[in-house]
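Please have the sequence and the model at hand.

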Amino acid sequence: MSKLLEVSSLSKVYKVSRGLFRWVAHTAVKGVSFSINESEVFALVGESGSGKTTIGKIILRLEKPTEGSIKIKGIDITKMGKEYTRRVSAVFQDPFSSLNPYMKVRHIIEEPLVVHHIKDREKRVKEVAHMVRLPESLLDRKPQHLSGGQRQRVAIARAVSLFPDLIVADEPTASLDATVRKEILDLFVELKNTGISTLLITHDIRAVERIADTVGVIYAGRLMEMGSKDQLLKDPKHPYTKYLLENVPAKHPKHRKADVIQKEVYKDEYHEGCPFYWLCPERMEVCKESIREVLSNGRLVTCNLY
Ligand SMILES: Nc1ncnc2c1ncn2[C@@H]1O[C@H](COP(=O)(O)OP(=O)(O)OP(=O)(O)O)[C@@H](O)[C@H]1O
């Protein structure tokens, strides 16, 4: 498989206001590197506030990185013009707010084709509607007359209308019920089989289990572990990955473990040490000061235990 997207040493520091004329630096992403192959579903999984969306936004060129670079097929994305929006598209969590309520579905799907001066648009709209299993009879409706699942199909149809190389899908199923969620997730596998890769951004391990090929686990802006889905789910190495897997929401709340992750750990004081230090059952003194990245056979573990 050949490499499609290469993210190298990506960092993002936000300036956060702390009152009048007072700003503090907040590191949302720190030294993250990974690559996505052609026809691959790469899942970036982590809790709320871990930096997943920020990485997605940087890949979509909606945010600028503080450090690091991103290349698509070897070309730096900052050197690419409008062509980049043809190659990389996005699907967001809430299709209702991301779709124009005043436009008919066919025009929503057609919009990127107009921007890129594509001919034969009517044919292409029908083709992509078929690809995402959106009945043609819905093309003349407006988003408010569709169900949540149908709206997300419209958002995906628009995202694939230019046959991109990559879709950045940020929590694409978070607002859907369980059955529709599975159907929408399976769509990304079908798209993969047509050559479209997906970066799935999610906090949901079950979504990862269902469709990912490769998984990156992110915590407090750092990539803690990365490997194939089987490696990661069957043989997790990092104590944080183990924590995440042990805390996959149980079907009934009374079977869930206590949520021990405290928001206070998202502080910037442990610059060079492990951000999971205070919660890690296997922590060592050295983890306060430094953290080691071990890469072997494409599997990464950012932990002093290895
Ligand atoms: N524009 C911004 N200014 C300042 N801080 C920000 C900004 N955007 C994000 N952050 C902070 O950066 C960190 C990472 O946020 P991000 O949205 O990337 O996390 P996430 O893992 O996607 O979480 P969620 O699933 O809740 O969106 C958080 O601490 C967040 O508060």
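At what angle do α6 and helix α7 pack, and how far apart are their axes? The model is a predicted one. In it, α6 and α7 (residues 178-193) pack at an angle of about 15 degrees, and their axes are 10 Å apart. Angles under 35 degrees count as roughly parallel, so α6 is roughly parallel to α7. The crossing of α6 past α7 is right-handed. On the α6 side the contact is made by Gly148, Gly149, Gln152, Ile156 and Val160, and on the α7 side by Val180, Glu183, Ile184, Leu187 and Leu191. By class, these residues divide into six nonpolar, three polar and one charged.

Helix α6 (residues 148-160) also packs with helix α4 (residues 105-115), here at an angle of about 30 degrees with the axes 7 Å apart. That angle makes α4 roughly parallel to α6. This crossing, of α4 past α6, is right-handed. From α4 come Val105, Ile108, Ile109, Glu111 and Pro112, and from α6 come Val154, Ala157 and Arg158. The contact of α4 with α6 has six nonpolar residues, two charged residues and no polar ones.

Ala157 leads on to the nonpolar core. The largest such core has 76 residues, and Ala157 is among the four that touch the most other members, together with Ala43, Leu199 and Leu200. The element that gives the most to this core is α6, with six residues. Leaving aside residues up to four places away in sequence, Ala157 touches Ile109, Val128, Ala129, Val132 and Leu134. In soluble globular proteins, nonpolar side chains tend to be buried together.

Definitions and conventions: Residues numbered from 1 in each chain as written. Predicted model: local features only at pLDDT ≥ 70, side-chain atom pairs only at ≥ 80, totals over all residues. Axes fitted to C-alpha atoms, helices over the stretch in contact; angles between N-to-C directions. Helix = DSSP H or I, 4+ residues; strand = E, 2+ residues; numbered from the N terminus. Parallel < 35°, antiparallel > 145°, perpendicular 65-115°, else oblique. Left-handed = near helix turned anticlockwise from the far one by under 90°. Contact = placed C-beta atoms within 7 Å. Nonpolar A, V, L, I, M, F, W, Y, C, P; charged D, E, K, R; others polar. Core = buried A, V, L, I, M, F, W, Y, C linked by C-beta atoms within 7 Å. Buried ≥ 20, exposed ≤ 12 C-beta atoms within 10 Å, placed from the backbone.
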